[in-house]
Amino acid sequence: MNAEKKLTFLINNPTMHVDLKRIAEKVLAEERITFDEGVLLYEKGDLNYLGVLANYIREKKHGHYTYFNRNFHIEPTNVCVYDCKFCSYSRMIKQREEGWEMDVDGMMDIVKKYDNEPVTEVHITGGVVPKQNLDFYAEFFKRCKAHRPDLHIKGLTPVEYYYIFKKAKLSHYDGLKYLKECGLDSMPGGGAEIFHPEIREQIAHDKCTAEQWLDIHEQAHKLGMHTNATMLYGHIEQFWHRVDHMERLRQLQDKTGGFQTFIPLKFRNKDNQMAHVPEVSVIEDLRNYAIARIYMDNFPHIKAYWAMISRDTAQLSLAYGVNDIDGTLDDTTKIYSMAGAEEQNPAMTTQELVELIRHVGRHPIERDTLYNVITDYKDVIFEEDKAKKYYALPVVN
Ligand code: SF4
């Protein structure tokens with residue numbers, strides 16, 4: 001049964017809760033669901049119901065296409081002036097000796113390691129320290145672009161920018177304009193956590209506010225840059241806080257259209273100040289992806305970071321609204337592994353990513369950061385597969 005037939009079958013089920021039926025009808029009619037309906041999905045939508053709705057939207061928007069890219073990360077420092085309770089990655093300024101702080105040469109050494117490698121994106125994010133200021137990043141962006149003009153720089157979040165621009169006495173717009181001139185291409189989605197102050201003040205009390213986060217993205221969109229957005233879920237927030245978070249993003253997207261991808265990030269509880277908070281189940285992960293796909297009707301893509309949620313859950317998520325699983329990574333990020341993710345040295349070859357996607361019947365597409373197709377892997381046969389020999393099994397009487 002195709003995705004539309006499954007949805008119609010669901011709608012015609014006479015035992016369906018009347019409000020859930022109404023939401024399913026809205027999805028079929030491509031109508032936007034309300035805030036209250038978003039909360040109702042969290043409270044009453046079971047995994048099967050949510051999967052049918054989310055997969056219908058996913059296939060309507062992208063068919064079976066599932067995107068990944070070839071990328072690497074640079075994490076310039078894990079020392080941080082802030083004190084987010086959920087963070088397993090940062091070392092406070094006073095624990096500086098336990099952390100690392102790169103200089104521009106060190107960052108360029110990482111970029112140069114990928115000379116002649118077909119990577120298309122460098123993703124830069126980390127802690128916030130006074131030395132890594134406006135001049136520091138301006139110099140890095142310029143040198144990186146001069147060295148490798150084709151490499152897309154997806155760099156820093158509003159958490160870093162708010163701090164850097166305040167110190168430099170620049171407006172968000174002027175600061176971003178200057179760094180764009182230096183080579184910055186786009187912004188990743190981190191630092192959003194949960195926007196509502198009731199939760200934000202408990203888990204991330206001293207970094208940029210929701211309004212500041214959203215304004216920095218808005219200014220980036222005004223400058224023609226694309227950005228992503230995340231949501232850290234599954235800790236002390238309630239369902240309506242998640243919907244509030246998505247609602248604020250949906251409203252900004254209506255205004256600017258500059259977001260590409262929404263990335264739900266699972267709270268992990270290893271070695272942080274919230275280690276007593278249990279992690280949510282895989283079922284809740286999948287429900288959350290599905291509701292994100294249903295609610296965020298104006299976001300083109302929903303991404304599952306395989307390095308954060310494991311390869312198996314990333315595969316499953318492709319049936320619950322997700323159409324992007326991120327990149328090759330090459331073991332260049334510590335943020336997820338330090339928080340307790342299953343993948344302690346996250347790296348996948350292109351072939352592994354392609355096979356992961358193919359094994360669940362989806363169509364692998366290598367993209368660049370802006371979702372231009374680089375290679376369609378539907379019918380690509382890898383050299384190793386060509387070399388494989390198959391033998392008939394002996395018949396046993
Ligand atoms: S989450 Fe980011 S801003 Fe917060 S302490 Fe960790 S590194 Fe710093």
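Start at the ligand: by class, the shell around it holds seven nonpolar residues, two polar residues and one charged residue, where Ala, Val, Leu, Ile, Met, Phe, Trp, Tyr, Cys and Pro count as nonpolar, Asp, Glu, Lys and Arg as charged, and the others, Gly among them, as polar. This is a predicted model, in which local features need pLDDT of at least 70 and side-chain atom pairs count only at pLDDT 80 or more, while totals for chains, interfaces and linings use all residues. Residues are numbered from 1 along each chain as its sequence is written.

To display that shell, select Cys80, Tyr82, Cys84, Cys87, Tyr89, Ser90, Gly127, Val128, Val159 and Lys207, the residues around the ligand; a residue is near a molecule if its C-beta atom, placed from the backbone, lies within 6 Å of it.

Next, select the three strands β2, β5 and β6, which form an open sheet in the order β2-β5-β6 with parallel pairing. Strands here are DSSP runs (E, at least two residues), and helices are DSSP runs of H or I with at least four residues, numbered from the N terminus; two strands pair if DSSP finds at least two bridges between them. The edge strands are β2 (71-74) and β6 (152-155), each of which pairs on one side only.

Now centre the view on β5 (residues 121-124), which pairs with β6 in the parallel sense over four bridges, and look for Ile124, whose bridge partner in β6 is Gly155. Four bridges also join β2 to β5 in parallel, and Phe72 has Val122 of β5 as its bridge partner.

Which residues of β5 are buried on one side and on the other? Glu121 and His123 lie on one side and Val122 and Ile124 on the other, and all are buried, so that both faces of β5 are covered; buried means that 20 or more other C-beta atoms, placed from the backbone, lie within 10 Å of the residue's own. In a regular strand the side chains alternate between the two faces of the sheet.

Finally, colour the chain by domain, with domain 1 at 3-62 and domain 2 at 65-376, bounds that come from an automatic or database domain assignment. Their C-alpha centres lie 29 Å apart, and the contact takes 20 residues from domain 1 and 21 residues from domain 2, two residues being in contact if their C-beta atoms, placed from the backbone, lie within 7 Å. On the side of domain 1 that touches domain 2, select α3 (35-44) and α4 (47-62), the elements that give two or more residues to it; the largest share, 10 residues, comes from α4.

Definitions and conventions
Buried ≥ 20, exposed ≤ 12 C-beta atoms within 10 Å, placed from the backbone.
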